[in-house]
Amino acid sequence: MRLGELVVDTPVVLAPMAGITNAAFRQLCREQGAGLYVCEMITSRGIVEGDRKTRAMLSFDPGERVRSVQLYGVDPGTMARATEILCNEYGVGHVDLNFGCPVPKVTRKGGGAALPYKRDRLAAILRETVKAGERYRVPVTMKTRMGIDEDHLTFLDAGRIAQEAGCAAIALHGRTARQAYSGQANWDAIAELVQAVDIPVLGNGDIWEASDALRMVQHTGAAGVVVGRGCLGRPWLFRDLADAFAGKETRTLPTLGEVAIMVRRHGELLAALAGEQHGLTDLRKHMAWYFKGFPVGGDLRRGLGMISSFAELDRLLGQLDPDVPFPVAELGIPRGRQGTPRDRVALPAGWLDDTSGRDLDLGAAEVGISGG
């Protein structure tokens, strides 16, 4: 898969997920297989204003051949300046722009998945950001959804605008903002976008197994896939994906003991990043995903969800039966948040009255944004 001058041997992208895809998780996934691994989303304003928390998120391990960052913002100039900082000061080699976040606190201010409705604003952001990336020969891509809802679809216009602006690719999540993460992803929309543009299209949505990725590419003609919730608690999915695209049929089914080894490795990487206490506190959120479907007792699960030291972690992992086989009933089952469709998408007053948005003041859309 080619993104400008960047060549990705396996056409698989780890989707940035807030609080998940830090340097430790990216390394863990990268150790399993090939692909492009994107840092959790950061805000353009945070970068430009030198926000300490935002810049601390820009942590990379020495093995990351390509530093890939997803950038969120609503202002063309700020997005361009943030891209320059990422390329010049952090050695970033790929910038992805987030126009797919469906969270109400984001769309209510005109950001995320709401912004592509304002075509002129989207075009200005993409043009300026692409120009900034070009000065460093860094490709800029964008990710979006089908639209606000079924009555306000924007993905075909977004694809055209991305192509005209010089984006290296566009990723499409086959859901609307109204759907959030519920229901089934519409792969037909991805196929429609592939036919409508000349730049590479990456498909996102409902990839739970490597076989799903192959089916999506075959069904849509997409140049590659973006994997998000499917890898939660299953970093070995990237091994299966790499093998699948290499023509090998691999289905990794780790025993409970092998999962415990992976959890320990994840903890080590997090501790190296943030220290033992903070790193293992961060590991807690992953426990339910790692042990989903395994016969692990309630007390043990609760204990694993409260660990803060390696002594505690090792004691609890030592209580697991290492020979318990992988629960195959979990294969192909949705993971992570799903929820239900929203009654309506939260939008600024009058947002649907016109499709330009060129002169709107959307500064409030960047306040307090931590992920999408």
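## Helix H7 and its packing

The buried residues of helix H7 pack against helix H6 (119–134), strand S7 (140–145), strand S8 (169–173) and helix H8 (187–196); packing here is contact, meaning heavy atoms within 4.5 Å. Helices (H or I, at least four residues) and strands (E, at least two) are DSSP runs, numbered from the N terminus. This is a predicted model, where local features need pLDDT of at least 70 and side-chain atom pairs count only at pLDDT 80 or more, while totals for chains, interfaces and linings use all residues. Residues are numbered from 1 along each chain as its sequence is written, and side-chain values use heavy atoms, with hydrogens and water left out.

Which residues of H7 are buried? Within residues 155–165, they are Phe-155, Ala-158, Gly-159, Ile-161, Ala-162 and Ala-165. They sit on the same side of H7 because they cover an arc of only 165 degrees around the axis, the arc being that of the directions from the helix axis to the C-beta atoms. Buried means under 20% relative accessible area, exposed over 50%, and partly exposed in between (1.4 Å probe, protein chains only).

Axes are lines fitted to C-alpha atoms, for helices over the stretch in contact, and angles run from 0 to 180 degrees between N-to-C directions. On the H8 side, Trp-187, Asp-188, Ile-190, Ala-191 and Val-194 make the contact, and on the H9 side Asp-212, Arg-215, Met-216, His-219 and Thr-220. By class, the contact of H8 with H9 has five nonpolar, two polar and three charged residues. Ala, Val, Leu, Ile, Met, Phe, Trp, Tyr, Cys and Pro count as nonpolar, Asp, Glu, Lys and Arg as charged, and the others, Gly among them, as polar.

Elsewhere, helix H1 (residues 23–30) packs on helix H11 (residues 256–274) at about 140 degrees, with the axes 8 Å apart, so H1 and H11 are oblique to each other as well. Ala-23, Ala-24, Phe-25, Gln-27 and Leu-28 of H1 touch Met-262, Arg-265, His-266, Leu-269, Leu-270 and Leu-273 of H11. By class, that contact has eight nonpolar, two polar and one charged residues.

## Positive phi in two loops

Most residues other than glycine have a negative phi. Arg-137, not a glycine, has a positive phi of about 60 degrees. Arg-137 lies in the loop between H6 and S7 and counts as exposed at 61% relative accessibility.

Ala-180 has a positive phi too, about 55 degrees, and is found in the loop between S8 and H8. Is Ala-180 buried or exposed? At 6% relative accessibility, Ala-180 counts as buried.

Thr-107 is in helix H5 (residues 104–107) and is buried, at 1% relative accessibility. Beyond four places in sequence, its contacts include Cys-101, Pro-102, Val-345 and Pro-348.

Met-287 belongs to helix H13 (residues 287–290) and is buried, with a relative accessible area of 4%. Not counting residues up to four places away in sequence, Met-287 touches Val-263, Leu-304, Gly-305, Ile-307 and Leu-313.

Notes:
Angles under 35 degrees count as roughly parallel, over 145 as roughly antiparallel, 65 to 115 as roughly perpendicular and the rest as oblique.
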